Amino acid sequence: MGSHPLPEPVTSAGRDGLAALLARPERAVVALDFDGTLAPIVPDPEQARAHPGAVPALARLAPHLGSVAVVTGRPAGVAVRYGGFAGVPGLERLVVLGHYGAERWDAVTGTVHAPAPHPGVAAVQAELPGVLDRSGAWRGTWIETAHIENKGGRAVAVHTRRAPDPQAAFEALRAPLAELAERHGLIVEPGRLVLELRPPGMDKGVALADYVRETGAGSVLYAGDDLGDLAAFGAVEKLRTEGVPGTLVCSGSGEVTELAGRADLVVDGPGGVVELLAALAERLGA
């Protein structure tokens with residue numbers, strides 16, 4: 001028994017997925033969200049960094065697998081920088097699917113490939129301060145509650161985690177931001193005290209399913225923590241019906257119960273994800 005015992009999924013489908021990964025790791029894809037999964041959630045998203053054990057665990061695990069991918073709403077280059085993924089021995093074949101798959105970085109070339117940004121994102125960015133001001137997000141009891149994050153010109157995220165009442169600020173902004181997004185051909189994706197305005201058709205489910213098919217994977221494990229990961233969970237559930245076993249892992253927070261309810265395995269936040277990766281590396285390296 002290694003120092004990291006491998007947890008057992010609570011569902012038969014999850015156990016089948018894990019068994020397939022362990023039996024044929026060279027045909028397995030392990031895909032992971034970044035914020036809240038590999039990196040702890042912090043009040044300022046610019047300060048997010050990968051858990052200190054994440055890169056070492058991934059570097060030990062990745063050589064045994066067909067592929068490791070990070071699937072994130074962040075720009076791919078930002079995720080690589082905040083994750084510390086570049087130039088790491090063992091992660092030579094890592095792929096980062098940024099902006100829900102609209103961008104792609106791979107460790108082989110060290111470059112990001114991406115199409116042109118949606119014009120609605122720049123228009124929304126220009127109008128957001130006025131919308132937030134009219135909603136009260138800059139004034140009164142909500143001074144500096146909303147933090148605008150420009151995701152490389154491909155999406156805009158409004159965070160309310162630093163508000164005196166983060167949930168009230170989040171709820172108050174839902175309708176005005178939905179109206180703003182619709183006006184410019186975008187959609188609003190809610191998350192853990194964040195509302196993201198982005199083009200339709202970008203989601204982690206599409207990105208993950210396309211990547212699994214591209215790699216010809218025989219099994220998939222996906223770990224996430226937020227509402228944006230539900231699409232990826234749905235993609236794994238669909239892949240199961242097509243004969244590709246899969247395991248769904250929730251990086252538990254207590255904030256997103258929908259994800260935990262659909263997961264085969266719930267671990268204790270990014271620290272728990274790192275423990276799982278380390279346990280898989282130990283098992284496959286034994």
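Q: Where do domain bounds come from, and how is the chain divided here?
A: Domain bounds come from an automatic or database domain assignment. In this chain, domain 1 covers 12-115 + 202-284 and domain 2 covers 119-198. This is a predicted model, where local features need pLDDT of at least 70, side-chain atom pairs count only at pLDDT 80 or more, and totals for chains, interfaces and linings use all residues. Residues are numbered from 1 along each chain as its sequence is written, and side-chain values use heavy atoms, with hydrogens and water left out.

Q: How much area do domain 1 and domain 2 bury between them?
A: The size of an interface is often given as the accessible area lost when the parts come together. Buried area here is what two parts lose on being put together (1.4 Å probe, summed over both). For domain 1 and domain 2 that is about 1,600 Å², 52% of it on carbon and sulfur atoms.

Q: Which side chains meet in a salt bridge?
A: A salt bridge pairs a side-chain nitrogen of Lys or Arg with a carboxyl oxygen of Asp or Glu within 4 Å. Arg-192 and Asp-225 form such a pair at 2.2 Å, N to O. Between the two domains the count is one salt bridge.

Q: Is Asp-229 buried or exposed?
A: Buried means under 20% relative accessible area, exposed over 50%, and partly exposed in between (1.4 Å probe, protein chains only). Asp-229 counts as buried because its relative accessibility is 0%. Its side chain reaches the backbone nitrogen of Asp-225 at 2.9 Å.

Terms used
A polar contact is a pair of N or O atoms within 3.5 Å; within protein, one must be able to donate a hydrogen and the other to accept it, and residues adjacent in sequence count only if both atoms are side-chain atoms.
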